[in-house]
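Morning, everyone. I'll walk through one structure today, starting with a charged pair and ending with a core. Please have it open on your screens.

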Amino acid sequence: MLYPEWTAPVMPAWVTKAPKGIKNIVASRFSHHRGKVEMCERDGLPQIAPIVAVAERTPTELRKELGKAVWKQIHHASVSTNSRRAYIWIHDLGRTPFAEIIQYRPCHLQRLVNAKPPFLEHQVYAAKFAPVGLFSEIASMHRDTQRMGITVNPAWSLSRLKREHDAAALKGALAKSSPKEWAAPARYELSGLLFTRLVSDRDLSAEGLMQRHCVASYAREAKKGDLQVYSISGEERATLAFWRDGRICDLKGFANSQPSARMKRAAKAFIAEIITTDGRP
């Protein structure tokens, strides 16, 4: 052998597991800046090595360039988090600054690694604000809100985005739904709750959008008189649907959540009252 004492460097996992499209670049930068990587490891800072290598800077140079706040986020992150940040930076040829990348929640970084820059607005928003496991749902909500003609401010909180989305969806659904009533409107008070009968496609659409469930799917049975649907409001909020014989078809809170025991008792008492007073619905 020409160099019998030489051995090939052992590449860390963040190099060997880099995405195929950038793996050679990551490996090349590791090789060229192996000394900087070893410096990180000697100093007990292996977590910053991926960013040091891809950015081709020493820790001191990086800290100066990025600033204290950004450096702190990188310094306190794990190797896996910083490796994904490094992949995103390389994918985008450094056009997305680390000051932006550190705003992406660690649980969503792999989503962006798979998506590859340039990212779309809904992907960036979801990466910053979506709770764990809800990246796709929040990205879809953002995209749908824009499709409905709303200009989304990237600084909006998640609750603000939901309000804007729901308001736009409600407006659109009401415009498309018929206000024609198939039954007589009715309102009842019982156990401190207000029961309002839903008697049109528009009523059902509005209730479904406000409560985020599929009550509108009961329109056919409601029109035939086989089913009655009520919006329940007061200290609690729910939607009730029951058959002609008094059997409960559905009783749901917001987003299909389970109502309280008190709400369940009130709903059963209401149905019994209606059947006793008016006969079978």
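Start at Lys224. Lys224 is exposed, with a relative accessible area of 55%. On cut-offs: buried is under 20% relative accessible area, exposed is over 50%, and partly exposed is in between, using a 1.4 Å probe and protein chains only. Lys224 forms a salt bridge with Asp226, with 3.6 Å between the closest N and O atoms. A salt bridge here is a side-chain nitrogen of Lys or Arg within 4 Å of a carboxyl oxygen of Asp or Glu. Asp226 is partly exposed, at 27%.

Before going on, the ground rules. This is a predicted model, where local features need pLDDT of at least 70 and side-chain atom pairs count only at pLDDT 80 or more, while totals for chains, interfaces and linings use all residues. Residues are numbered from 1 along each chain as its sequence is written, and side-chain values use heavy atoms, with hydrogens and water left out.

How many salt bridges does a search of the whole structure find? The search gives 13. Two others deserve a look.

One is Arg262 with Glu236, at 3.6 Å from N to O. This pair links distant parts of the chain, 26 residues apart. Arg262 sits in helix α15 (residues 261–278), and Glu236 in the loop between β3 (227–233) and β4 (238–243). Helices and strands are DSSP runs, numbered from the N terminus: H or I with at least four residues for helices, E with at least two for strands. Arg262 is partly exposed at 29% relative accessible area. Glu236 is also partly exposed, at 24%.

The other is Asp166 with Arg212, whose closest N and O atoms are 2.4 Å apart. Again the pair links distant parts of the chain: Asp166 is in helix α12 (residues 158–176), while Arg212 is in the loop between α13 (201–211) and α14 (219–224). They are 46 residues apart. Arg212 is partly exposed, at 29%.

Now the strands. Buried or exposed: which are five of the six residues of β4? They are buried, so β4 is largely enclosed by the rest of the structure. Six bridges join β3 to β4, and the two run antiparallel. Strands pair if DSSP finds at least two bridges between them. Ile232 has Ala238 in β4 as its bridge partner. The hairpin of β3 and β4 has four residues between the strands, and Gly234 takes a positive phi near 145° there.

On to β5 (residues 248–252). Four bridges join β4 to β5, also antiparallel. Phe242 has Ile248 in β5 as its bridge partner. This hairpin, too, has four residues between its strands, and Gly246 in the turn has a positive phi of about 95°.

Last, packing. The largest nonpolar core has 46 residues, and Trp14, Ile88, Phe98 and Tyr104 have the most contacts inside it. Such a core is a set of buried Ala, Val, Leu, Ile, Met, Phe, Trp, Tyr and Cys residues joined through side-chain atoms within 4.5 Å. Helix α4 (residues 49–55) gives the largest share, six residues. Leaving out residues up to four places away in sequence, Ile88 touches several residues, among them Ile101, Tyr104 and Phe119. Contact means heavy atoms within 4.5 Å. A second, separate core of 14 residues includes Leu193, Leu251, Phe270 and Ile271.

That's the tour. Over to you.
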